[in-house]
Every structure is written in structure tokens, then in C-alpha cells.
Amino acid sequence: MTAQDVGAVGDAVDEIEEQLLVALRRGRRVAREAAEKVHPGLEPAAYAFLVRLDAVGPSRPSDLAAYFHIGKATAGRQLTALQALGLIARQPDPEDGRAYLLDLTPDGRQRLSACRADRQRSLRERLGAWPEADLATLAALLVRLNNDAGGD
């Protein structure tokens, strides 16, 4: 690799870093707005638990904590808040009578679904003018980036 190539790669990496920071800032804002749409006062971190439960179904609190790489106590606070709001409910774990699983309630599922539909509608509006090939390329590159970064 020539010095010119190294400089070009460095410039590209600088631009990627800058754009990722912009995306992260916007992502935090979107997460706050999404959490508010699901339930006023809901924390964005708690919203992520709803999304995960929707994706995987009934789960043990310890598995959710491990997925998000957080402590059980931290997860417990978020999950307790979701339970108190009636968005998730406990059920016995059929494989272990001492344990329990958490899952979305019908109200939690409906609120999350409505919020996601709004977000997807917004994305379609923003990206509607993009050629389909560009959308497919962006999706593939995001998957690659998340996989290379050890994303879950």
C-alpha cells in the first residue's frame, strides 16, 4: 500500500467515524422518541428490552442481561419498570420451576408494533427517493459493519 493509499484510507476512516457519530446521536434521539411513543416516561434502555423480547419471545431476565452486556441488577430495574407499566409479564419457566420468563403483554406488543410502524414509515419517507440498489447496498454494508464489530 502506497503512502497515497494510506492517506486515502485514513480520510475514509475519518469520514466513517464522523458519520457514525452523527448516526449514533440521531439513534439516541430516535430511541428516546420511540420509548416516549410506547409509554410516556419510558427510558430508551427499557425500550430495547421490548424490542429484544419481540424478536426472541419469552426470555429469562439473566439471558436478557447477558444479551445487553449489563448486570442483572441493572436489567432488573428496567424489567421491573416495564412490568409495572403492564408492557411485559412474568410466566413460569416450563424447563425450570424455580425460574420465570418474561414476555410482552398484548398491550406491550401493540404499543411496540405501532411505534415500529411509525419509525418504518418515517424511514420509507426519508429513503423513498433512493434507488433500490443503493438501499440494498446500505443494508448489506450495515450488516457487515455490525458483524465485523461483533454486533448482536
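User: Asp103: buried or exposed?
Analyst: Asp103 counts as buried, because its relative accessibility is 13%; buried means under 20% relative accessible area, exposed over 50%, and partly exposed in between, with a 1.4 Å probe and protein chains only. This is a predicted model, in which local features need pLDDT of at least 70, side-chain atom pairs count only at pLDDT 80 or more, and totals for chains, interfaces and linings use all residues. Residues are numbered from 1 along each chain as its sequence is written, and side-chain values use heavy atoms, with hydrogens and water left out.

User: Which element is Asp103 in?
Analyst: Asp103 is in strand E2. Helices (H or I, at least four residues) and strands (E, at least two) are DSSP runs, numbered from the N terminus.

User: And what does Asp103 touch?
Analyst: Leaving out residues up to four places away in sequence, Asp103 touches Leu53, Gly57, Pro58, Leu87, Ile88, Ala89, Gln91 and Arg109. Contact means heavy atoms within 4.5 Å.

User: How does E2 pair with E1?
Analyst: E1 (residues 88-93) and E2 (residues 96-104) pair in the antiparallel sense, over six bridges; pairing requires that DSSP finds at least two bridges between two strands. A hairpin of two residues joins E1 to E2.

User: What stands opposite Gln91?
Analyst: Leu101 in E2.

User: How far is Gln91 from Gln120?
Analyst: C-alpha to C-alpha they are 31 Å apart in space, and 29 residues apart in sequence. Gln120 lies in helix H5 and counts as partly exposed, at 42% relative accessibility.

User: Switching to helices. At what angle do H2 and H5 pack?
Analyst: H2 (residues 44-56) and H5 (residues 106-127) pack at about 100°, with axes 11 Å apart. Axes are lines fitted to C-alpha atoms, for helices over the stretch in contact, and angles run from 0 to 180 degrees between N-to-C directions. H2 and H5 are therefore roughly perpendicular, a label for 65 to 115 degrees; under 35 is roughly parallel, over 145 roughly antiparallel, and the rest oblique.

User: Which residues make that contact?
Analyst: From H2, Tyr47, Leu50, Val51 and Asp54; from H5, Arg109, Leu112, Cys115, Arg116 and Arg119. By class, the contact of H2 with H5 has five nonpolar, no polar and four charged residues. Ala, Val, Leu, Ile, Met, Phe, Trp, Tyr, Cys and Pro count as nonpolar, Asp, Glu, Lys and Arg as charged, and the others, Gly among them, as polar.

User: What about H3 and H4, what angle there?
Analyst: About 110° between H3 (residues 61-68) and H4 (residues 72-84), with their axes 9 Å apart. That makes H3 roughly perpendicular to H4.
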